[in-house]
Amino acid sequence: VNDIAAVAGLSPRTFFRYFRAKDDLVFDWMDRQGDFMLPALRARPLRESPLQAMMEAFLLLADEHEHHAKQAHFRSQLIFETPSLSARFYEDQAKWGGQMAEALMHHAKNAAERYTLRVQVSIAITAYVFAMRSWAGGAKGGSPRPWVERAFAAVNDASMSATASASR
């Protein structure tokens, strides 16, 4: 914290007025992603399936990462390579899941559909996180969008295979 504060031209005491801990510096960025993601998800057309709406919202978030690619890449690597940050990330991910499910609840008319929606939200978040981990672990630069597209294509392929198997 002393090093961070010195580079920012602050005292450590001033740093802690803005952030409770140094991890909060990383997760302030993550909170802003959630602030971007939820309105983007709510703005999706009602005719889209929940999975389609989540994919499109995650693609918008990937595009947002591309605008700040160097910073996003560094923070993503830092989170995925630091056990304490990864643990907090997965805690926040659970919070996102509940918020995303709530934003899409208009698709669910009964308990069975609410269950399905929550499963779809978990799958979509997992696909997005896998894409971002792959992007962060890859070569520097480039857009995370193709990684997100590929992850959701895999989800759609798996869904189609499961549907075909169930109908046999």
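**Close-up 1. Helix α4 of the predicted model.** Helix α4 covers residues 50–67, and its 18 residues reach 26 Å from first C-alpha to last, close to the 26 Å expected at 1.5 Å a residue. The expected span is 1.5 Å times one less than the number of residues in the helix. Helices (H or I, at least four residues) are DSSP runs numbered from the N terminus. The buried residues of α4 are Pro-50, Leu-51, Ala-53, Met-54, Met-55, Ala-57, Phe-58, Leu-59, Leu-61, Ala-62, Asp-63 and His-65. Buried stands for under 20% relative accessible area, exposed for over 50%, and partly exposed for values in between (1.4 Å probe, protein chains only). This is a predicted model, in which local features need pLDDT of at least 70 and side-chain atom pairs count only at pLDDT 80 or more, while totals for chains, interfaces and linings use all residues. Residues are numbered from 1 along each chain as its sequence is written, and side-chain values use heavy atoms, with hydrogens and water left out.

**Close-up 2. The largest pocket and its lining.** The volume of the largest pocket is about 170 Å³. Its lining consists of Trp-29, Arg-32, Gln-33, Phe-36, Leu-61, Glu-64, His-65, His-68 and Gln-71. Two or more lining residues come from each of α3 (22–42) and α4. The most is given by α3, with 4 residues. A pocket is an open set of points on a 1 Å grid over the protein atoms alone, where a 1.4 Å probe fits, with protein on both sides within 12 Å along at least five of seven lines; lining residues have an atom within 4 Å of a point. Grid points are joined across faces, edges and corners, and the volume is the space filled by probe spheres set on the points.

**Close-up 3. Salt bridges that share Arg-145.** Asp-63 and Arg-145 form a salt bridge, with the closest N and O atoms 2.8 Å apart. Asp-63 lies in α4 and Arg-145 in α8 (residues 145–167), so this pair ties together parts that are 82 residues apart in sequence. Arg-145 also forms a salt bridge with Glu-149, the closest N and O atoms being 3.1 Å apart. Both Arg-145 and Glu-149 lie in α8, 4 residues apart, about one turn of the helix. Arg-145 is partly exposed at 26% relative accessible area, and Glu-149 is partly exposed at 36%. A salt bridge requires a side-chain nitrogen of Lys or Arg within 4 Å of a carboxyl oxygen of Asp or Glu; by this rule the count comes to 3 salt bridges.

**Close-up 4. The salt bridge between Glu-48 and Arg-44.** The closest N and O atoms of this pair are 2.7 Å apart. Glu-48 counts as buried at 13% relative accessibility, whereas Arg-44 counts as partly exposed at 22%.

**Close-up 5. A nonpolar surface patch that includes Tyr-115.** Tyr-115, Val-119 and Ile-123 make a nonpolar surface patch of about 290 Å². Tyr-115 lies in α7 (residues 111–137) and is exposed, with a relative accessible area of 59%. Patch residues have over 30% relative accessible area and no salt bridge; nonpolar side chains (Val, Leu, Ile, Met, Phe, Trp, Tyr) are joined within 5 Å, and like charges within 9 Å. Accessible areas come from the Shrake-Rupley method with a 1.4 Å probe; for residues, only the protein chains shown count as cover.
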